[in-house]
Amino acid sequence: MSTDPLQTSFAFTSSHTLSHRIVLAPMTRMRASSTGIPHPQAAEYYSKRATPGGLLISEGIVVHPRGRGFPNTPGLYTEEQVQAWKPITKAVKKKGGVFFAQLWHVGRVSVPSQTGGYPPLAPTSEHLPGMHPLFGQENATEPYVDSQAMTEEDIRDMVEQFALAAKNAIRAGFDGVEIHGANGYILDSFIHSNINTRTDKYGGSLTNRLRFPLLVVDAVVSCIGANKTAIRLAPFHVLQETRDANRIETFTAYATELEKRNLAYVHMVEPRYDQFSLEGAFSAKRETVEISDVVEREEVSLWPFRKVLERTPVIGAGGYDASSARKAVEEGRVDLIAFGRHFTSNPDLVRRLFEGLSLTKYERKTFYTPSMEGYLGWETAGGDETMWLR
């Protein structure tokens, strides 16, 4: 019988070897307090999805009050928040899981009600069109307003905010951090040529547009070490006006720089999800991305970046099922596969995928609501949850 690629071990970092290739993807769930304190029952939520030697990535955790884009999202910028995360990380460790915190600053994808009355921070003052979804119980919206174009001092301050949040994450018991560098949020907005029209050393040329994100990566590495530092990218993201003029060239150069830094991993979203899925938090009318330099179908994939990331582990996310996940690992396109929505309603998703068991349908209406409905209480397939991993 051939070996299931998803059930093979993986030498993840110098400190951790993973027992399988399935990862809990970072998912906003909006159960924290208004001051960014994670809900105590997050300990049950995450530990139920932990497996011995399995990797979990937390929901986005805000690095500074002005980095918040949505209500009831947790933070890692106060001592109270750090202490509140400790029982959550402890619960995951008790199950044998490896836990990374996703560090999040939304930049211009926010509104004053979420930033303490301040305008969002961004590369320039230009704001997103239309209304910002606040989700939650009422599904409220709020109009976008002009952003505050970041000064060089603002940039230095934000680098320090990410670094402090990384140190706080380690103090809170996380094994490492994943910097959120995707989806049009602050770091991603500096990358895209159509958004970042600055004329100083942080805009214009590709080298300049990469400067700020790489400063953040380097600051975090300096604080907690490369083997505890990772980043998430979405080269083909089509919302939040992320329309770089040459995505393949831009993100290949980005990946080349990241490869030099010996990070724990680079987490990348598949183009099939970012271009065509109606399942994302900002599901709306999507435009097919025009990529002028694509001459072969292979290039509209993660392969151009995987070829650059020779030594750095790659996590793939977006639209996988068991079959496509196995194929992606087997052919070497990615090393690990992150699952999101199905994990919300199947806390024992790893087992179900391994054994070919049916999946419980998720409930989109409870993804971002403040109650425990849809957050806890999902049934497992039964049996000893550790037997199948021994």
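1. Basis of the comments. The model is predicted: local features need pLDDT of at least 70, side-chain atom pairs count only at pLDDT 80 or more, and totals for chains, interfaces and linings use all residues. Residues are numbered from 1 along each chain as its sequence is written, and side-chain values use heavy atoms, with hydrogens and water left out.

2. The barrel. Eight strands form a closed barrel in the order S3-S4-S5-S10-S11-S12-S13-S14, with parallel pairing. On average, neighbouring strands of this sheet are turned by 25° against each other, direction ignored. Strands (E, at least two residues) and helices (H or I, at least four) are DSSP runs numbered from the N terminus; two strands pair if DSSP finds at least two bridges between them. Axes are lines fitted to C-alpha atoms, for helices over the stretch in contact, and angles run from 0 to 180 degrees between N-to-C directions.

3. The pairing of S3 and S14. Strand S3 (residues 22–24) pairs with strand S14 (residues 336–339) in the parallel sense over three bridges. Here Val23 stands opposite Ala338.

4. Helix H6. This helix (residues 247–259) packs on the sheet and touches strands S11 (229–233) and S12 (265–269), contact being heavy atoms within 4.5 Å. The direction of H6 makes about 175° with that of S11.

5. Strand S12. In a regular strand the side chains alternate between the two faces of the sheet. In S12, Tyr265, His267 and Val269 on one side and Val266 and Met268 on the other are all buried, that is, under 20% relative accessible area, against over 50% for exposed and in between for partly exposed (1.4 Å probe, protein chains only). S12 pairs with S11 in the parallel sense over four bridges, and Leu233 stands opposite Met268.

6. Strand S13. Four bridges join S12 to the parallel strand S13, with Val266 opposite Val314. Both faces of S13 (residues 314–317) are covered: Val314 and Gly316 on one side, and Ile315 and Ala317 on the other, are all buried. Three bridges join S13 to S14, also in parallel, and Ile315 stands opposite Leu336.

7. A cavity. On a 1 Å grid over the protein atoms alone, a cavity is a set of points where a 1.4 Å probe fits but cannot get out, and lining residues have an atom within 4 Å of a point. The second largest cavity is lined by Arg31, Ala32, Pro38, His39, Ala42, Glu59, Pro74 and Tyr375.

Methods
1 Å grid on protein atoms, 1.4 Å probe; cavity = no way out; pocket = protein on both sides within 12 Å on 5 of 7 lines; lining within 4 Å.
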